[in-house]
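This report goes through one protein model from its overall dimensions down to single residues. Please keep the sequence and the coordinates at hand.

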Amino acid sequence: MNDNFNIDTLPITEAISENYTHIIDLLGENATREGLLKTPERASKAMKFLTKGYEMDPKQILQGAMFKENYNEMVIVKDIELYSLCEHHLLPIVGRAHVAYISDGKVIGLSKMNRIVEYFAKRPQVQERLTMQVVQAMQEALGTDDVACVIDAKHLCVNSRGIKDIESSTVTAEFGGKFKNKDTKQEFIEYLKMDSDFQ
């Protein structure tokens with residue numbers, strides 16, 4: 001680390017970069033060799049991207065995306081790509097989220113469901129909390145308890161270290177309102193099994 005810098009006065013990306021330089025040195029590497037020279041800066045930018053949820057505003061995401069519509073059935077967005085960080089090891093969580101709600105005369109722009117997942121995923125997380133946060137945000141936005149979320153994800157802290165189980169994934173689910181009803185929950189699960197290629 002460059003002792004001439006005061007970390008507390010640096011722009012955040014540069015401060016993170018300086019800390020990565022220190023980490024590389026502590027690992028016994030030479031942070032100034034050609035292959036690693038730009039690594040702290042790249043790692044800093046990557047970390048900022050992976051935690052950009054802190055810079056987003058859920059109210060702004062949903063602003064202008066609510067519409068009155070004479071529709072009172074289930075709406076599902078499947079296979080939302082999800083990239084997050086395990087808050088215990090800062091290793092990637094990679095998976096897919098499936099989010100659903102039952103409309104009661106109000107619908108939300110479909111891409112906003114993806115954005116809500118991204119908002120909560122782009123920060124250090126545990127999958128259980130992430131699943132609940134998505135449902136709670138949707139419930140607040142729509143003014144209904146009838147929201148569900150299922151997340152299926154791989155955790156690199158499990159797949160690449162410790163037990164090193166490369167095959168396992170973790171599934172979490174949160175069901176609100178009518179989705180707690182056995183038949184409604186089963187209908188949602190059946191939709192998730194449907195092939196998206198309608199031929």
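## Basis

The model is predicted; local features need pLDDT of at least 70 and side-chain atom pairs pLDDT 80 or more, whereas totals for chains, interfaces and linings use all residues. Numbering starts from 1 along each chain as its sequence is written, and side-chain values use heavy atoms, with hydrogens and water left out.

## Fold and dimensions

The protein chain contains 7 helices and 7 strands, taken as DSSP runs (helices H or I, at least four residues; strands E, at least two) and numbered from the N terminus. Their order from the N terminus is α-α-α-β-β-β-β-α-β-α-β-α-β-α.

The C-alpha trace spans about 65 × 40 × 30 Å along its principal axes. The radius of gyration of the protein chain is 21 Å, while a compact globule of 199 residues would have one near 16 Å. This radius is taken over C-alpha atoms, and the globule rule is 2.2 Å times the number of residues to the power 0.38.

Among contacts (heavy atoms within 4.5 Å) with a separation of 6 or more, 64% join residues 24 or more positions apart.

Of the 199 residues, 38% are buried, meaning under 20% relative accessible area; exposed is over 50%, and partly exposed is in between (1.4 Å probe, protein chains only).

## Nonpolar cores

A nonpolar core is a set of buried Ala, Val, Leu, Ile, Met, Phe, Trp, Tyr and Cys residues joined through side-chain atoms within 4.5 Å. The largest one has 31 residues, and L82, V99, Y101, V134 and M138 touch the most other members. At least two residues each come from α3 (58-62), β2, β3, β4 (106-108), α4 (110-121), α5 (127-142) and β6 (147-155).

Leaving aside residues up to four places away in sequence, M138 touches V99, Y101, I108, M113 and V147. Another core of 8 residues lies apart from the largest one, and its members include I102, A148, F175 and F179.

L90 counts as partly exposed because its relative accessibility is 46%.
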